[in-house]
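This briefing covers a single protein chain. Please look over the sequence and the model first; the notes follow, grouped by topic.

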Amino acid sequence: MIKCFRKKGKRIAVFLSLAFVLSMGGCGKSAENDQRPRIESVFDLFNDVVEPDTSVTANTEQSTGGGDEIVDPPAIDTNKYASTESEEFNKLCDDYFKEAVTSNSSSYRDYIYDPKNFPGVEAPKEVTMGDHSTTAATLEEDKKDLEKWITRLEAIDVNTLTEQQRFDYDYMMDGLVSSRVACENINIGSPFSPMRGLQANIPPMFTDYIFRSKEDVQLYLDLMALIPDYVEGELKAQEEYNENGYAVEDCILEKMIQQCDDFLNVTGEHFMITDFNERIQGLNELTDAEREEFKKKNKELVEGALIPTYENMKKRFTSWKGKNKVKGGLCNYEDHGKEIYAYVVREYTGSSKTPSELITYLETKLAECKSEVQTIYLSNPSAYKEYESKKDTLFDYLSMDAGELESYLIKNVMSDYPDIGNLQFRALYFSKSMETIRENSLAYYMIPAIDDKDDNLIRVNGKNKSDMWVILAHEGCPGHMYQTNYYRKTNPRNFRLLGLELGYVEGWAVYASYDSLKYCDFNGSSFARELATLVAAEEKMGYTYYGLVDLGVNYQGWTVEDVGTFLTTMGLNASAAQEMYTIVVGDPGLYLSYSVGYYEMADMRAYAEQELGDKFSAVEYHKAVLDAGPCKYDQLKKKVDKYILEHK
């Protein structure tokens, strides 16, 4: 999962999509986006996933999961574009970027490495985490700020824009309108949730903080000192919503209380102290005296600010039990719950399909995945038997740590992708404490500052080593790290680097990780092709089951019992019902960015291959998709259509 969740500050000025508002509420560049959700082995977690179907025709050809969902022929762009860029639009983009990155100290540092590269974009004069209130009054200010940008954008004559400017114009308008919807419905959202809530993401906000200078260390400590007030503001806002009937459900509160306990119940010296001490040791510009003073101050803040904050959160979460008046998914809220969920789905997936259409879509894709498995089961039982007997150790033969395996992937699986030169990166494992606190996170990629291309960080949960190939291909190359660095090399307008289209970025990373499996020989197995198909199919089914449960709970109103019935009907183990229900109620739409995002991305490739036939080039196709940058899939199709028409 890609991680880049930015400070709230001027929330709207950072494209706070509805999905982010409902799942995060706002916080720092921490363990958000790229906490990649854990998908347990479908064949282990559930029973009888594969029911042999003797009607299946034998076909062992590996597929990345695409189909023929996109049936419309390539559309010819009939718009008229200017030959020279509109300075008015460029100025608006620059102003937008400036307001976004200067809204608080952490966002500025997250995006900007060297201020000299961004003349006129000055850091906040005071250390701040931005406006951390989501009260009615603050939201009114945000709405006014939104309308300011929308009005300014609408005043631009689109006929004065070049082709790329028009693409960026449409992207910006889409984000602003989505943010307006978010602003009007924020009362249903919460900054506290199991996957993306503050209690889950404060620790990695600091453990992933890069120390480049003495000033960085001081800013780190200054930001930590602000955490109690920041969190208190969000707690009070949530309590205001609690009184209005929008309290968090008890099963979610239990999960969040456990996360607080995981942070508080640490044996020996707290990991937030030992982690800081270890990392500051490598900052050579510090004197021994300065280093010791910083260590002392950090310990004081961990013990006097962070730990009391977690004690406070636990106390408040406990006091909220029983206050939830509406149980279950978003659709159960009378004030347009289904409509709100539809926006959540669009923001998370980038798909133009409605929730009803997505249910049918995912059911179809699930059937295709099962067919892939059944085909191998019937046509090549020896391959299937090898997979079943070795699935937990398929990649053990590589005997590499995370950094070594990522380097191997960069050298051996990138032939179908445009070259971007050497990539500098670090692949680090979670601390033992973080393995527990973030037990549902397999790994994540930290997006570096815009002008710091070499500061690529992949964090890996060392507890999960059986599918490390797929994990690192997802987070690194050809997944998140590659896509991020490729797009930045296209020199996009800076404001395009502020938003995060989860459907595109997660869809790309899942697609690319499965595509990489064709380069794995599984220790010289004669069934390498079949093993690759089974590995991908198992992961796809896991994401798809979660996606269908998400839609069932949040759109169709399923209860825990309904989830259990669904699992049983699918031939699965119903004991997973409560856990799945809690996840999708706590973070609506999260898994859809993986399942729907992936299938949309895979279908887009199948569409291009179908249209171009022998003229299709994987490298050129990937270039077209990557050049577009993160966007909604209807926008991406315009870019792919252009690529198809130019290469037919």
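In helix 14 (residues 381-390), the residues A383, Y384, E386 and Y387 are buried, where buried means under 20% relative accessible area, exposed over 50% and partly exposed in between, with a 1.4 Å probe and protein chains only. These four lie on the same side of helix 14, because they cover an arc of only 160° around the axis; the arc is that of the directions from the helix axis to the C-beta atoms. The face of helix 14 turned away from this buried side carries K385 and S389, which are exposed.

The model is predicted: local features need pLDDT of at least 70, side-chain atom pairs count only at pLDDT 80 or more, and totals for chains, interfaces and linings use all residues. Residues are numbered from 1 along each chain as its sequence is written, and side-chain values use heavy atoms, with hydrogens and water left out.

**Overall make-up**
- The protein chain has 25 helices and four strands; helices (H or I, at least four residues) and strands (E, at least two) are DSSP runs, numbered from the N terminus.
- Of the 648 residues in the protein chain, 62% are buried.
- Among contacts (heavy atoms within 4.5 Å) between residues at least 6 apart in sequence, 83% join residues at least 24 apart.

**Confidence**
- The mean pLDDT (the predictor's confidence in each residue, from 0 to 100) of the protein chain is 86, and 87% of its residues reach 70 or more.

**Helix 18 and helix 19**
- The axes of helix 18 (residues 480-489) and helix 19 (residues 502-516) come within 9 Å and cross at roughly 125°; axes are lines fitted to C-alpha atoms, for helices over the stretch in contact, and angles run from 0 to 180 degrees between N-to-C directions.
- The two helices are therefore oblique to each other, since angles under 35 degrees count as roughly parallel, over 145 as roughly antiparallel, 65 to 115 as roughly perpendicular and the rest as oblique.
- Helix 18 contributes H480, Y482 and Q483 to the contact, and helix 19 contributes Y504, V505, E506, W508 and A509.

**E538**
- E538 lies in helix 20 (residues 528-554) and is buried, with a relative accessible area of 8%.
- The C-alpha atoms of E538 and E372 are separated by 10.0 Å, with the two residues 166 apart along the chain.
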